[in-house]
Amino acid sequence: MPSNQLPNLKITAIRIFKMDIPRKDVFTIATMALEKAENVLIGIETNEGITGWGEASPFHALVGETQRIDLAVAQDLRELLLGKNPLEIGDRIREMDAFLPHNPTIKSAFDMALYDIAAQAAGMPLYQFLGGTRRPLETDFTISIGKVEEAGEKAQQVVDRGFRMIKIKVGISDEEDFQRVQTIRQTVGDALRIRIDANQGWDRMQAVANLQRLAQFDIEFCEQPCRVSDRAGMKYVSDHSPIPIMADESVFSPTDALELVQNDVVPYFNIKLSKSGGIYRALQIAHIAEAGSRKCMVGCMSESRLGLTATAHLGAASSVFHFFDLDSFFEHAEDPIVGGVQVEDGHIILPEEPGLGARPDESYLKRWQEI
Ligand code: MG
């Protein structure tokens, strides 16, 4: 039903689920190790029978949220939104931000569900609702920090699975990072484009030294070499590194993006719904990036294909999204989602149904604890 026929659309119920998804492997980065995805699923129901879905994937070391925090806060956000019009997305986002200035990850789940409802009401797939078009989105495959001896084999598996890009997590041991990247480049030759991510693991001088040494392996960019608190360090590294630098943990909000552009800190931004608080603010960051002639990546945490589908729709919304790191569910041992994105040889295939086009499997809704 077109949205102009839904003048009185109202939120009638909000369902909150403790969404645990087992992983095949522990995922290790410079600041944390993840044994399973402990996510939160939000379902927003309306008086017209349209239900929107959203997912939060809290990464405590990066964002400061946990599943327990998000489950608690979601109940307050539910009270805040009940009875209101889900199509007035900007107003709903501003109300959530005023009530809860931080916690972008749990807010992103509500934001996704609101956009799912709005795009369903408009009868369009979400990427089209956002003004985007079907265009090629090719993702990398991320490998976490592990043993040097296993790096070559892991990278070869990435090639064998059809990917053309790999993201290598670094930032714990300079020497082992060097050896891992060297081994991977020697193993795969030119078959993979290589990106690295230090997750704030280096100080500025260490970062410049590491990046100068790693540049021989033809690295496309390096994410977040320095701590978020060392703002000047990020600029110093970007100014002195032969490898382009991407801000990730340094860019959560549109305000962060403005500051990074005004101070000419880095050429690339990594936008994630879990950091921005959802699509509404992510688009604002993208607009600032475009105005400042920056390029963006869309990235993820450990979302299932539901949260990842929302992120992929965002990625298709604008050509300012140039890099894609949409691999969160590859190492999940279970897939609880019906519909949604598929990935073939690294290429993201978006659903064509109205809205997000992804929803949880009913059997999982019975299994997960509902709050
Ligand atoms: Mg990163």
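Mentor: Start with Asp97. Its relative accessible area is 24%, and it is partly exposed. Keep in mind that the model is predicted.

Trainee: Why is Asp97 called partly exposed?

Mentor: Set the value against the limits. Buried means under 20%, exposed means over 50%, and partly exposed is in between. Asp97 has 24%, so the label is partly exposed.

Trainee: What makes Arg281 buried?

Mentor: Its relative accessible area is 17%. The limit for buried is under 20%, so Arg281 is buried.

Trainee: How do you know that Arg281 forms a salt bridge with Asp97?

Mentor: The closest N and O atoms are 2.8 Å apart. The cut-off is within 4 Å, between a side-chain nitrogen of Lys or Arg and a carboxyl oxygen of Asp or Glu. The pair meets it, so it is a salt bridge.

Trainee: Which parts does this pair tie together?

Mentor: Arg281 lies in helix H12 (residues 279-291) and Asp97 in helix H3 (residues 89-99). These parts are 184 residues apart in sequence.

Trainee: What makes Arg134 and Glu352 a salt bridge?

Mentor: Their side chains meet at 2.3 Å, N to O. That is within 4 Å, so the label holds. Arg134 is in the loop between helix H5 (126-129) and strand E4 (141-143). Glu352 is in the loop between strand E14 (347-349) and strand E15 (358-360). The pair therefore ties together parts that are 218 residues apart in sequence.

Trainee: Are these two residues buried, partly exposed or exposed?

Mentor: Arg134 has a relative accessible area of 46%, and Glu352 has 43%. Both values fall between 20% and 50%, so both residues are partly exposed.

Trainee: How many salt bridges does the structure hold?

Mentor: It holds 29. One of them joins Asp230 to Arg204, with the closest N and O atoms 2.8 Å apart. Arg204 lies in helix H8 (residues 204-214), and counts as partly exposed at 28%. Elsewhere, salt bridges that share partners join Lys167, Lys169, Asp197, Glu223 and Asp325 into one network.

Trainee: Glu249 is buried. Why has it no salt bridge?

Mentor: The nearest side chain of opposite charge, Lys272, is 5.8 Å away. Glu249 sits in the loop between strand E8 (245-247) and helix H10 (254-262).

Trainee: What makes its link with Asn199 a polar contact?

Mentor: The two side chains are joined at 2.9 Å.

Trainee: Which residues have the most contacts inside the largest nonpolar core?

Mentor: They are Ile42, Ile106, Phe110, Ile196 and Phe269, in a core of 114 residues. Helix H4 (residues 104-122) gives the most to this core, with 11 residues. At least three residues come from each of domain 1 (3-124 + 362-370) and domain 2 (128-360). Apart from it lies another core of 9 residues, among them Ile29 and Met301.

Trainee: How do you know that the two domains are in contact?

Mentor: Count the residues: 47 of domain 1 are in contact with 50 of domain 2. Contact means heavy atoms within 4.5 Å. The domain centres are separated by 23 Å, taken over C-alpha atoms.

Notes
Residues are numbered from 1 along each chain as its sequence is written. This is a predicted model: local features need pLDDT of at least 70, side-chain atom pairs count only at pLDDT 80 or more; totals for chains, interfaces and linings use all residues. Side-chain values use heavy atoms; hydrogens and water are left out. A nonpolar core is a set of buried Ala, Val, Leu, Ile, Met, Phe, Trp, Tyr and Cys residues joined through side-chain atoms within 4.5 Å. Buried means under 20% relative accessible area, exposed over 50%, partly exposed in between (1.4 Å probe, protein chains only). Helices (H or I, at least four residues) and strands (E, at least two) are DSSP runs, numbered from the N terminus. Domain bounds come from an automatic or database domain assignment. Lys and Arg count as positive and Asp and Glu as negative; His and the chain ends are not counted. A polar contact is a pair of N or O atoms within 3.5 Å; within protein, one must be able to donate a hydrogen and the other to accept it, and residues adjacent in sequence count only if both atoms are side-chain atoms.
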